[in-house]
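Subject: Structure handover

Hello,

Here is the structure for your files. My notes on it follow below.

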Amino acid sequence: LGVERKFSGKGAALGATWFASDIEDMIIFSSSFVLENINEAKITGLEVTASVGFSDSISMDGQYTHQNTLDKSTGDDLLRRADDQYSINLLWAAARSDLNLELIYVGKREDLNFSTFPSSRVDLAAYRLVNVSTSVMLTDAITLTGKLENVLDEDYEEVFGYGTPGLSGYAGVKVEL
């Protein structure tokens, strides 16, 4: 259930969405290293979005999500699902180029430590990422693109025991014929 309000002028908007999911027969990877069925799970939450155009070339948008998750058979939180997460994007766009700055936050969440048997629940730390991307149209047919991910070289895990890339850079050329 959601609502969005757009404001005249510079393209500002606010939105909020409440969500609830009752899930039956959810498949997970269990603490004993096998696929297992969670008979019933519940996820509820609220997502808030906002966007604003500061000028014809500068805009910002963001979203915040708070959710509660529950394995109804055990009373535990569902694994790898943060209670809180948000992202903020700042975009500068000109006629033939753009630059985007993105900040992502994912809150603390639980996972399984499979280095023990049976595995045990552990907390994954919250993390913040900063990403930057750009594109420049050289001609009507050729665009150069570039992206830096994890600019601050954050050390974090999305899954316990599995590392994620540090500072990473990507470049590309888009050709439209």
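Which backbone nitrogen lies 2.7 Å from a polar atom of the side chain of Asn-150? The nitrogen is that of Glu-154. A polar contact here is a pair of N or O atoms within 3.5 Å; within protein, one must be able to donate a hydrogen and the other to accept it, and residues adjacent in sequence count only if both atoms are side-chain atoms.

Before the rest, the ground rules. The model is predicted, so that local features need pLDDT of at least 70 and side-chain atom pairs count only at pLDDT 80 or more, while totals for chains, interfaces and linings use all residues. Residues are numbered from 1 along each chain as its sequence is written, and side-chain values use heavy atoms, with hydrogens and water left out.

Asn-150
Asn-150 sits in the loop between strand E10 (142-149) and strand E11 (157-159). Strands (E, at least two residues) and helices (H or I, at least four) are DSSP runs, numbered from the N terminus. With a relative accessible area of 4%, Asn-150 is buried; buried means under 20%, exposed over 50%, and partly exposed in between, with a 1.4 Å probe and protein chains only. Setting aside neighbours within four places in sequence, Asn-150 is in contact (heavy atoms within 4.5 Å) with Leu-129, Val-130, Asn-131, Tyr-156, Pro-165, Gly-166 and Leu-167.

Aromatic pairs
The structure holds two aromatic pairs. Rings of Phe, Tyr and Trp (its six-membered ring) pair if their centres lie within 6.5 Å; planes under 30 degrees apart count as stacked, over 60 as edge-to-face and the rest as tilted. Tyr-86 and Tyr-105 form a stacked pair, 5.0 Å centre to centre and with 15° between the planes. This pair links distant parts of the chain: Tyr-86 is in strand E5 (residues 84-93) and Tyr-105 in strand E6, 19 residues apart. Tyr-86 is partly exposed at 25% relative accessible area, whereas Tyr-105 is buried at 16%. The rings of Tyr-127 and Tyr-156 have centres 4.2 Å apart and planes at 25°, so this pair is stacked too. Tyr-127 lies in strand E9 and Tyr-156 in the loop between E10 and E11, 29 residues apart. Both Tyr-127 and Tyr-156 are buried.

Strand pairing
The protein chain has 13 strands and zero helices. Two strands pair if DSSP finds at least two bridges between them. Strand E6 (residues 97-106) runs antiparallel to strand E9 (residues 127-137), and 10 bridges join them; Asp-98 has Ser-135 in E9 as its bridge partner. E9 also pairs with E10, in the antiparallel sense and over six bridges, and Ser-133 has Lys-147 in E10 as its partner. A hairpin of four residues joins E9 to E10.

Thr-17
Thr-17 belongs to strand E2 (residues 12-29) and is partly exposed, at 34% relative accessibility. Its C-alpha atom is separated by 5.1 Å from that of Glu-47, 30 residues apart along the chain.

Whole chain
The C-alpha trace spans about 60 × 35 × 30 Å along its principal axes. Of the 177 residues of the protein chain, 24% count as buried. Among contacts with a separation of 6 or more, 47% are between residues 24 or more positions apart.

Regards
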